Amino acid sequence: MVFSSVLFLFRFLPIFMICYFLVPRNMKNLVLFLGSLVFYAWGEPVYIFLMLFSTISDFVWGRLIEDYRGKDCSRIFLLCSVVINLFILGFFKYADFLLQTVNTVFGTSIPLLGLPLPIGISFYTFQTMSYVIDVYRGDAKAQRNILQFGVYVTMFPQLIAGPILKYHQKRRSDLDAISYGAKRFVTGLAKKVLLANNLGLLWTQISSLKNDQMSVLMAWIGIVAYAFQIYFDFSGYSDMAIGLGAILGFHFPENFNYPYIATSVTDFWHRWHISLSTWFKEYVYIPLGGNRNGLARQILNILIVWTLTGIWHGAGWNFLFWGLWFALFLILEKLFLGELLKNAPVVFGRVYTLTVVLISWVFFALEKPGEIPAYLQAMFGLNGVGLMNTQAMFLGNEYLVLLIIALVACLPVGSLLIHRLKSSKTGPAMALYRVGEKVIPAALLILSVAYIVDASYNPFLYFRF
């Protein structure tokens with residue numbers, strides 16, 4: 001069940017919201033917990049028990065760590081929690097990949113397990129791990145109410161694709177939060193179905209072409225389309241999660257901050273999937289020593305973190321290369337490139353960063369052997385097709401308006417305009433802001449629902465992670 005579906009929007013969500021707001025305050029957690037289980041079980045009826053096992057396991061480990069704080073066994077309990085979580089994640093996400101690699105390297109024929117990947121396992125596993133680690137550090141108190149802890153783990157707005165939450169999230173519900181949440185949800189829905197889905201169609205058309213049909217222009221249009229697709233797909237889902245959380249009284253952290261205006265790769269990862277990069281910084285990079293033990297150790301720590309970041313995204317060599325690609329430029333920026341970028345014109349930093357990021361999406365999007373080098377050859381004119389062809393011109397003209405809209409939508413133009421109108425003391429500006437505040441969300445909702453009802457193409461890229 002995805003947020004951008006008729007089933008969720010017109011069946012599950014209305015029924016859940018009616019139940020949630022009608023029950024007394026002391027019953028809301030129970031309704032949210034049961035509703036989240038129904039939401040997850042709709043697509044994963046078997047793996048719901050795996051998620052519940054992780055929930056109960058880390059609830060127990062958290063209690064034990066706090067009860068025996070200061071004793072040696074407390075560290076053993078932490079280690080047990082981390083090992084169990086990583087084993088579950090590793091088994092379901094990487095077992096078949098490892099078996100396939102063994103078969104390829106050694107020529108064996110070990111049968112694969114064929115286990116489907118539990119939806120959201122990468123997200124809720126990291127979330128429960130952060131809770132246990134925070135309890136061990138003393139940054140959070142162990143939860144004594146298993147229902148409240150279950151709500152934290154299984155809460156459906158962020159269960160499938162984050163943001164990854166720390167345990168001490170605050171809860172506040174009022175009409176302003178509900179209004180903000182509804183608008184934020186509609187904004188995310190529009191980004192997902194009006195922009196990401198249609199850009200995905202363009203990427204699908206281009207990526208399915210043979211190498212001898214791929215001109216330079218075609219290849220760049222394709223990877224730009226994919227860059228827009230994955231941004232609006234994932235940030236749109238994050239917006240919907242943040243909006244639903246606000247309606248229910250929770251404040252979720254921002255997960256994106258206009259990443260395509262970044263002036264360095266370091267800056268990009270301060271803006272893209274913020275909750276994940278923050279998790280790796282707090283629970284891997286800093287415990288390894290961060291930048292405190294000299295440059296050589298810092299470079300090693302960056303390599304470790306980005307190797308893990310790459311394979312977190314998927315069981316495939318392409319994800320490992322994707323992580324190492326970013327590690328390379330982050331290390332170069334630590335060594336000398338970052339200082340050069342600070343002294344260079346801003347436009348240079350943005351062009352450099354976009355180029356690095358666009359090439360990275362080739363690693364991320366293409367998984368079959370040979371596809372990545374072939375696509376990179378096309379991007380840089382090494383496949384013999386040339387700068388452009390008629391098919392590239394046709395697709396460019398057909399999708400030009402959509403690409404321009406996507407470009408504007410991923411820049412902070414709209415938020416700056418809203419801020420200026422909102423802070424203006426002139427009557428026309430305030431009137432325009434008030435009208436737009438009501439009309440634009442309504443229009444986006446109508447257009448999005450019309451698209452969902454009519455369209456059959458509605459993937460969500462981060463479900464596979």
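Predicted model: local features only at pLDDT ≥ 70, side-chain atom pairs only at ≥ 80, totals over all residues.
Helices here are DSSP runs (H or I, at least four residues), numbered from the N terminus. Local features need pLDDT of at least 70, side-chain atom pairs count only at pLDDT 80 or more, and totals for chains, interfaces and linings use all residues. Residues are numbered from 1 along each chain, and side-chain values use heavy atoms, without hydrogens and water.

**The largest pocket**
- The largest pocket holds about 1600 Å³ of space.
- A pocket is an open set of points on a 1 Å grid where a 1.4 Å probe fits, with protein on both sides within 12 Å along at least five of seven lines; lining residues have an atom within 4 Å of a point.
- There are 40 lining residues, and Thr187, Tyr258, Gly414, Ser415 and Ile418 are the closest to the pocket's centre.
- H8 gives the largest share of the lining, eleven residues.

**Helix H4**
- H4 (residues 72-106) has 35 residues, yet its end C-alpha atoms are only 43 Å apart, short of the 51 Å that a straight helix would reach at 1.5 Å a residue.
- At Tyr94, H4 bends by about 60° (the angle between axes fitted to the seven residues ending there and the seven starting there).
- Gly107, with a positive phi near 70°, follows H4.

**Helix H12**
- The 19 residues of H12 (residues 295-313) should span 27 Å at 1.5 Å a residue, which agrees with end C-alpha atoms 27 Å apart.

Methods: Points joined across faces, edges and corners; volume = space filled by probe spheres on them. Helix = DSSP H or I, 4+ residues; strand = E, 2+ residues; numbered from the N terminus. Expected span 1.5 Å × (residues − 1).
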